[in-house]
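Please study the sequence and the structure, then work through each solution in turn.

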Amino acid sequence: MDQDKVMAFLGQVVTDMGATGSAGQVVIGGRLGLYRELARGPATPEVLAERTGCARRYLAEWLRGQAAGGYVTYDATTGEFSLTEEQAFCLADPEGPNVSAIFRIGLGYLKAEPRIAEAFRTGEGMPWRDHDEDVFVGCDAFFRPGYVAELVPHWIPALDGVAGKLRDGARVADVGCGLGTTSVLMAEAFPRSTVTGSDYHDESIALARKKAADAGVGDRVASAQGFTGTGYDLVTTFDCLHDMGDPVGAARQVLGALDPDGTWLLVEPYAGDTVEETLNPVGRLYYAASTFLCVPNGLSQPGGYALGAQAGEVAIRDVVTTAGFTRFRRAAETAFNLVYEVRP
């Protein structure tokens, strides 16, 4: 046994355990607005306590831990903690990546660890709706910046003829809409179009209705638990097909719901087609979430599928062609998503 390799592995363990604990610190920083206050200017624990009304002793430990992990910057000369421009953009800017949300997802799904551990023994599933609320709210908050940056500016224009239809006025079905972020974005960008969002999780639908009303597009965004209707010009699914127990059946329903000249915008997590292509930081992130969320949800539903969050293009193509679609292409991609254009 090589002792240097043992120590190197233990170093990795220390790093990972530190990151695990830091996840809670990041969520606290987001929840209490600590990053927003630090973005206003450098502060000692005493000054940050005055700004936030939080206890100095807790803040001191939090600040030091965040500095040790590289999430906060420390000046040993002044004893002040601060955020660089880049840290502030990722942690405190409402238009930034909203980093704390991804850790909120993780803390949420880790609460199900005892049940998931038992599912390893039984093979049973765990439906999405049984998870902690932090999973639903965290997912919406984390994915929203990416959807804002990509959906209307890049993904829809990458589809053949779809942007023009939406500008003229089209019927859109947003399947698996979650809290309604994507439905609202499309309704805001294309005021002549109507969007029907559907999701089997009733609490998400309630929040989606509120989001549409708050955005002033409630008259053009309808929400329902079931996906129904025909003649849609565009059907969209965002990061959800791989969660379904019967994705082929879902794809067949999309096919039947589309106008003959309609389009399915199918967005899935970025993944390679072989195991070795997924052995990287993004794959690790998705495999962790998939172990707790995606695979258990698929196994909780009839259909026999549990694609998981690292189903690559070959697997997704097989699902949609088995369902009867004849045209399938990769239209766009980001570091976290693959975007497919699917047609009858």
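**Exercise 1.** In this predicted model, determine how helix α1 (residues 3–31) and helix α4 (residues 56–68) are oriented towards each other.

*Solution.* 
Step 1. The axes of α1 and α4 come within 10 Å and cross at roughly 120 degrees.
Step 2. Angles from 65 to 115 degrees count as roughly perpendicular, and those over 145 as roughly antiparallel. The angle of roughly 120 degrees therefore makes α1 oblique to α4.
Step 3. The crossing of these two helices, α1 and α4, is left-handed.
Step 4. On the α1 side, the residues in contact are S22, Q25, V26 and G29; they meet E61, W62, G65 and Q66 of α4.
Step 5. Sorted by class, this contact of α1 with α4 has 5 polar, 2 nonpolar and 1 charged residues.

**Exercise 2.** Determine the orientation of helix α6 (residues 99–110) relative to helix α8 (residues 133–155), and describe the residues that form their contact.

*Solution.* 
Step 1. The axes of α6 and α8 cross at roughly 160 degrees and come within 8 Å.
Step 2. Angles over 145 degrees count as roughly antiparallel, so α6 is roughly antiparallel to α8.
Step 3. The handedness of the crossing of α6 and α8 is left-handed.
Step 4. From α6, the contact draws on A101, I102, R104, I105, G108 and Y109; from α8, on D134, V135, V137, G138, C139, A141 and F142.
Step 5. The classes in the contact of α6 with α8 are 9 nonpolar, 2 polar and 2 charged residues.

**Exercise 3.** Carry out the analysis for helix α7 (residues 113–122) and helix α13 (residues 281–299).

*Solution.* 
Step 1. The axes of α7 and α13 come within 11 Å, with a crossing angle of roughly 55 degrees.
Step 2. Angles under 35 degrees count as roughly parallel, and 65 to 115 as roughly perpendicular. The relation of α7 to α13 is therefore oblique.
Step 3. α7 passes α13 in a left-handed crossing.
Step 4. E113, I116 and F120 of α7 make the contact with T291, F292 and P296 of α13.
Step 5. The contact of α7 with α13 divides into 4 nonpolar, 1 polar and 1 charged residues.

**Exercise 4.** Describe how domain 1 and domain 2 of the protein are arranged.

*Solution.* 
Step 1. The domain assignment gives domain 1 as 3–93 and domain 2 as 100–343.
Step 2. The centres of domain 1 and domain 2, taken over C-alpha atoms, are separated by 33 Å.
Step 3. In the contact, 8 residues of domain 1 face 6 residues of domain 2.
Step 4. The two domains bury about 670 Å² between them, and 64% of this area is on carbon and sulfur atoms.

Methods. Residues numbered from 1 in each chain as written. Predicted model: local features only at pLDDT ≥ 70, side-chain atom pairs only at ≥ 80, totals over all residues. Heavy atoms only, no water. Axes fitted to C-alpha atoms, helices over the stretch in contact; angles between N-to-C directions. Helix = DSSP H or I, 4+ residues; strand = E, 2+ residues; numbered from the N terminus. Left-handed = near helix turned anticlockwise from the far one by under 90°. Contact = heavy atoms within 4.5 Å. Nonpolar A, V, L, I, M, F, W, Y, C, P; charged D, E, K, R; others polar. Domains from an automatic or database assignment. Buried area = accessible area lost by both parts, 1.4 Å probe.
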